Amino acid sequence: MNKRTFILAFAALVAGPALAADPATINWSKIPVVKIPLFYPGQSSYEWLRSDAHKGAVKEVMRGDACLSCHDEEDAEKDIGEKLVKGGALEPTPVKGKNGFVELSVQAAYDDKNAYFRYQWKTHGKAGIEYPYYRYDGKEWKVYGGPRLDKAVQEGKQPPIYEDRLSMMLDDGKVAGFAEQGCWLTCHDGERDLKTAAKEEVAANEAMKAYKKDDVRKYLPDSRTNPSDWKTGKPVEEIAKIKAAGGFVDLIQWRAHRSNPVGMADDGYVLEWRNFDSGKKMFDSNLDKETKQPKFMYDAKKFGAKAMSAKQAGKKESFLIKGVNAVPFDPKAGWKEGDMLPRYVLTKDVEGSAGDNKATGSWKKGMWTVVLTRPLGLANGDDKALKDGGVYHVGFAVHDDNITTRGHQVSFVRTLGLGTKADIQAVRLP
Amino acid sequence: MKHKIFATALLAFSAIAFASAPAVAGVDADAAQKLAKKNNCFKCHAIDKTKKGPSYKKIAAKYKGKPEGEAKLIENFTTEPMVKMEDGTEEKHKVIDTKDMKEMKNLAQWILSLDK
């Protein structure tokens, strides 16, 4: 051990434990609670906001006015959400009984090492901790279950199965318009469940080919020559320049099935697509693309069986985790019709920027409580670094009751300040 | 009974919803707000903040002491006139979705009462 290493090690030993709080021991009762109204947006995309259907607001949206400059009246979010969720031009396939409004409680704190966020919201039904499965039909492994907006689910051909999620989008002022219009900058016609672009059209598009993507996901206006047309993606080199200049928004998602069981939230960013950060994230597909069979199955000694059954679904925790209850798939294990395995396999062995965010969530008495820990000062090229004294713009979303894509409840943009005046003021921990 | 409900509504209105807006005899503030909200009036107007359109307090001040105020406001509610926005542009004013003159008068009177 050389002298410098010794000094660093000593400093870490002395200072380390005092710098980072254990999120489980933070006294949240001392941290102010900010109630953020979330509402069902249906298909109110970037393009819809700029259409005549957004009555009396086109000029204002086009010139970059804030959504809240009009929608600031009492119960604005509740009124919009409860209207849209029932169906109409912005919701062509309403989900029966779906709630249009969710109140999200947000608390924030920080110390020298991390920022800590505590979120609470009431779920519409029971906790959504399952994800659709692969089910063996005697010949092939096929997807079983799906989110409530899927046609097969709405027609009763598949059961509603999907994980609950809590998402936070974050910018540090480098994305033009995010401070005013927040998440709506990323929500475009052509995305899944939002006038979904035809697969053939995506496959034939040069920009999408260059991005190596076969569907349209969230994107920022600056990634297109025409922000209202997903087909006009800028060259990869130009996207890289925008990214290097910080022209992306961070997207952190806590997932009840695919990240919570390993104590994490994923780390992504939106620019030309909804990307995951570099490195190895906590979940991966459980399907072998060549054999079309699962990659992993349950360890019968740990799980009690090598597979789930439809009868067990929803009654038994289905998480498949490497190093805990997963073993390599054995095609000769005597599979029978109805055997089910998770579509995703989880790991605690994350690597790089993809593994920055830790999170734990618990569901009690109809309410999720999620505590997210994000390191301060992240220097990765795909992260927005949180710093003491910094002010950021944030948007929130909750996916609840077995649903994904547009079926969330979202917030208008808010400010987050670390020790600085903002809508959500993170308190410095002693 | 009606008077009792009215009085309670006025108290609640002045104490909670619009502390800066005094109650005025003869005006059903609760009903006025409901009508305004139902017609998305608050998307462009606020009580005391400039939005796309002028604040209601500014409108009330403009017509203070002018007997034509109520008629002018009702004209705006019903005839879709071109009105000047706060950014200097002009747009057609939205027509309120009611044929009930009593409701419209109440809304106009409530707005005009906000100068106090």
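Strand 7 of chain A and strand 8 (residues 266-270) of chain A are antiparallel partners, joined by five bridges. Keep in mind as you browse that this is a predicted model.

- Strand 7 spans residues 249-255 of chain A, and because seven of its seven residues are buried, the rest of the structure largely encloses it.
- Both faces of strand 7 of chain A are covered: one side carries the buried residues Val249(A), Leu251(A), Gln253(A) and Arg255(A), while Asp250(A), Ile252(A) and Trp254(A) are buried on the other.
- Strand 7 of chain A also pairs with strand 6 of chain A, in the antiparallel sense and over six bridges.
- In that pairing, Gln253(A) of strand 7 of chain A stands opposite Ser167(A).

**Strand 17 and its neighbours**
- Strand 6 (residues 165-171) of chain A is paired with strand 17 of chain A too, running antiparallel over seven bridges.
- Here Leu166(A) has Val398(A) in strand 17 of chain A as its bridge partner.
- Strand 17 of chain A covers residues 391-399; eight of its nine residues are buried, so the strand is largely enclosed by the rest of the structure.
- Strand 18 (residues 409-410) of chain A pairs with strand 17 of chain A in the antiparallel sense over two bridges, and Gln409(A) in strand 18 is the bridge partner of Val398(A).
- Strand 19 (residues 414-418) of chain A runs antiparallel to strand 17 of chain A, with four bridges between them; Val391(A) has Gly417(A) in strand 19 as its bridge partner.

**Chain A as a whole**
- The radius of gyration of chain A is 22 Å, which agrees with the value near 22 Å for a compact globule of 430 residues.
- Along the principal axes, the C-alpha atoms of chain A fill a box of roughly 65 × 60 × 50 Å.
- Of the 430 residues in chain A, 43% count as buried.
- Among contacts in chain A with a separation of 6 or more, 70% come from residues 24 or more positions apart.

**Contact with chain B**
- Chain A contributes four residues to the contact and chain B contributes five residues.
- On the side of chain A that touches chain B, there are one nonpolar, one polar and two charged residues.

Terms used
Residues are numbered from 1 along each chain as its sequence is written. Chains are lettered from A and ligands numbered from 1 in the order in which they are written. This is a predicted model: local features need pLDDT of at least 70, side-chain atom pairs count only at pLDDT 80 or more; totals for chains, interfaces and linings use all residues. Two residues are in contact if their C-beta atoms, placed from the backbone, lie within 7 Å. Ala, Val, Leu, Ile, Met, Phe, Trp, Tyr, Cys and Pro count as nonpolar, Asp, Glu, Lys and Arg as charged, and the others, Gly among them, as polar. The radius of gyration is taken over C-alpha atoms; the globule rule is 2.2 Å times the number of residues to the power 0.38. A residue is buried if 20 or more other C-beta atoms lie within 10 Å of its own, exposed if 12 or fewer, and partly exposed in between; C-beta atoms are placed from the backbone. Two strands pair if DSSP finds at least two bridges between them.
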